[in-house]
Amino acid sequence: MTSPELASNLARFAEIEGRHPRLLLATASSVEEPHHKRVATLFADGGFDVDIAPKNSDAQSIALQAVDCDADILVLIRLSLDADDRVGVADLISSLAALDAEYIKFGIVGKTDDPVRDNVDFVFDLEHLGTADCEALVGYILEIEEKRIEQHI
């Protein structure tokens, strides 16, 4: 069940963009793969069109998929700070930059004390991930879209 504010923001985004906000979900390592379905379902229930990066994707292929699927947001599930990450945050940021795709907002679902939190646009705690996070994220990208429109008027 979406809140009235979330429904209003989704309708406003759809009015501006002609579609729902699009999110690409990826995992940092195999440790996070069991959480794919839960996180994807939460964001889909929150009004996002959700695409999922294939297992074992590297940073370059994830960034390219984010561009190809016209994602507004890239979310990396990153839980284990000591696991051998297949996909590093710095690598994803560099890969997006190499594709001139810095406009894609990039965040983490994992632990709020993740040391890379200052390098990403948002961090959501997997343990407490809920509708309020979707509401905040839609509000955030809607604000960016509205500012972009104001600059072109």
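A disulfide is a pair of cysteine sulfur atoms within 2.5 Å. I searched the whole structure for such pairs and found zero disulfides.

**Ground rules**

I am working from a predicted model, where local features need pLDDT of at least 70 and side-chain atom pairs count only at pLDDT 80 or more, while totals for chains, interfaces and linings use all residues. I number residues from 1 along each chain as its sequence is written, and I take side-chain values from heavy atoms, with hydrogens and water left out.

**Entry 1: the cysteines**

I looked up cysteine 69, which is in no disulfide; the nearest cysteine sulfur belongs to cysteine 134 and is 17 Å away. For burial I use relative accessible area: buried means under 20%, exposed over 50%, and partly exposed in between, with a 1.4 Å probe and protein chains only. Cysteine 69 has a relative accessible area of 16%, so I noted it as buried. Cysteine 134 is also in no disulfide. Cysteine 134 counts as buried because its relative accessibility is 0%.

**Entry 2: the aromatic pairs**

How many aromatic pairs does the structure hold? I counted two. Rings of Phe, Tyr and Trp (its six-membered ring) pair if their centres lie within 6.5 Å; planes under 30 degrees apart count as stacked, over 60 as edge-to-face and the rest as tilted.

Phenylalanine 43 is buried at 0% relative accessible area, and phenylalanine 48 is buried at 3% relative accessibility.

The rings of phenylalanine 122 and phenylalanine 124 have centres 5.1 Å apart and planes at 35 degrees, so this pair is tilted. I found phenylalanine 122 buried, with a relative accessible area of 10%, and phenylalanine 124 buried, with 9%.

**Entry 3: the cores**

A nonpolar core is a set of buried Ala, Val, Leu, Ile, Met, Phe, Trp, Tyr and Cys residues joined through side-chain atoms within 4.5 Å. Which residues have the most contacts inside the largest core? They are Phe43 and Phe48, in a core of 24 residues. Helices (H or I, at least four residues) and strands (E, at least two) are DSSP runs, numbered from the N terminus. The elements that give this core two or more residues are helix H1 (4-17), E1, helix H2 (36-45), E3, strand E5 (122-125) and helix H5 (131-152). H5 supplies the largest share, five residues.

Contact means heavy atoms within 4.5 Å. Leaving aside neighbours within four places in sequence, I found phenylalanine 48 in contact with Pro21, Leu23, Phe43, Ile73, Cys134, Leu137, Val138 and Ile141. Another core, of 22 residues, lies apart from the largest one and includes Ala28, Ile62, Ala71 and Ala101.

**Entry 4: two residues with positive phi**

Asparagine 56 is not a glycine, yet its phi is positive, about 65 degrees. I placed asparagine 56 in the loop between strand E2 (49-52) and helix H3 (59-68). Is asparagine 56 buried or exposed? Its relative accessibility is 61%, so it counts as exposed. Not counting residues up to four places away in sequence, asparagine 56 touches Glu33 and Arg86.

Aspartate 70 also has a positive phi, about 60 degrees, although it is not a glycine. Aspartate 70 sits in the loop between H3 and strand E3 (73-78). At 40% relative accessibility, aspartate 70 counts as partly exposed.

**Entry 5: arginine 22**

Where is arginine 22? I found it in strand E1 (residues 22-27). Arginine 22 counts as buried because its relative accessibility is 18%. Residues up to four places away in sequence aside, arginine 22 touches Asp49, Asp51, Cys69, Asp70, Ala71, Asp72 and Ile73.
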